[in-house]
Amino acid sequence: MARIRISPVPLQPLLPLFHRLNREHFSGVLVCAGKPLTAVRWSDGRMSRTAGYYRRGPGVGEGRGSEIVLSRPVLEPLPQEATESTLCHEMIHAWVDLVQRRRESHGPLFRAQMAAINAAQSRFQVSVRHNYPIPVRPPRWVAVCSSCQRRTPCRRRTRHAACRSCCNQHHGGRWHPSCLLHYEPVE
């Protein structure tokens, strides 16, 4: 039987919010002929470690070459201001890339635009990093050193990983097969 997830608060459509923020903080430059220069969408529900991202490349964003994606799981339980702040943050990345034609992450152009937006309004604050509550996933595995039997919880298995402590102590810091980790599921 399929599980149906019912949202406590319906998510706001992003396009009207994108157009409003574009008019208010970007002088309308992120739209050409009524169409955003970048695709804007909610994630499919799997994006749970970050609130949003901007990316570009061939075949991205419905053929537009770039897109802004916001996380349903992270932003859904939060107030509207979190969605506005995250979307505005990603719009600054799009502005730096598509309008200013610069390759920078959170560089001087990004920070200047962020400061201007924060000074111009008080509804939300754009920041370089958010501090939204993100649920912590428990580890799925325990990595066990073949040599010292040290047990370390981890979320994923890594092929050919070795115990750093044993490699340092017994092999001059070089990887050695006697220190390989094996993985056991967490019970």
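How many helices and strands does the chain have?

1. The chain has 5 helices and 8 strands, counted as DSSP runs (H or I over at least four residues for helices, E over at least two for strands) and numbered from the N terminus. Along the sequence they come in the order α-β-β-β-β-β-α-α-α-β-β-α-β. The chain is more spread out than a compact globule, because its radius of gyration is 22 Å, well over the 16 Å that the globule rule gives for 187 residues. That radius is taken over C-alpha atoms, and the rule is 2.2 Å times the number of residues to the power 0.38.

2. A word on the source: this is a predicted model, where local features need pLDDT of at least 70, side-chain atom pairs count only at pLDDT 80 or more, and totals for chains, interfaces and linings use all residues. Residues are numbered from 1 along each chain as its sequence is written, and side-chain values use heavy atoms, with hydrogens and water left out.

3. As for extent, the C-alpha trace spans about 65 × 45 × 35 Å along its principal axes.

4. Now the inside: 39% of the 187 residues are buried, meaning under 20% relative accessible area with a 1.4 Å probe, protein chains only.

5. On to the cysteines. A search of the whole structure turns up 0 disulfides, a disulfide being a pair of cysteine sulfur atoms within 2.5 Å. Cys 167 is in none, and its nearest cysteine sulfur, that of Cys 179, lies 3.9 Å away. Cys 167 counts as buried at 5% relative accessibility, and Cys 88 is buried too, at 0%.

Conventions
Buried means under 20% relative accessible area, exposed over 50%, partly exposed in between (1.4 Å probe, protein chains only).
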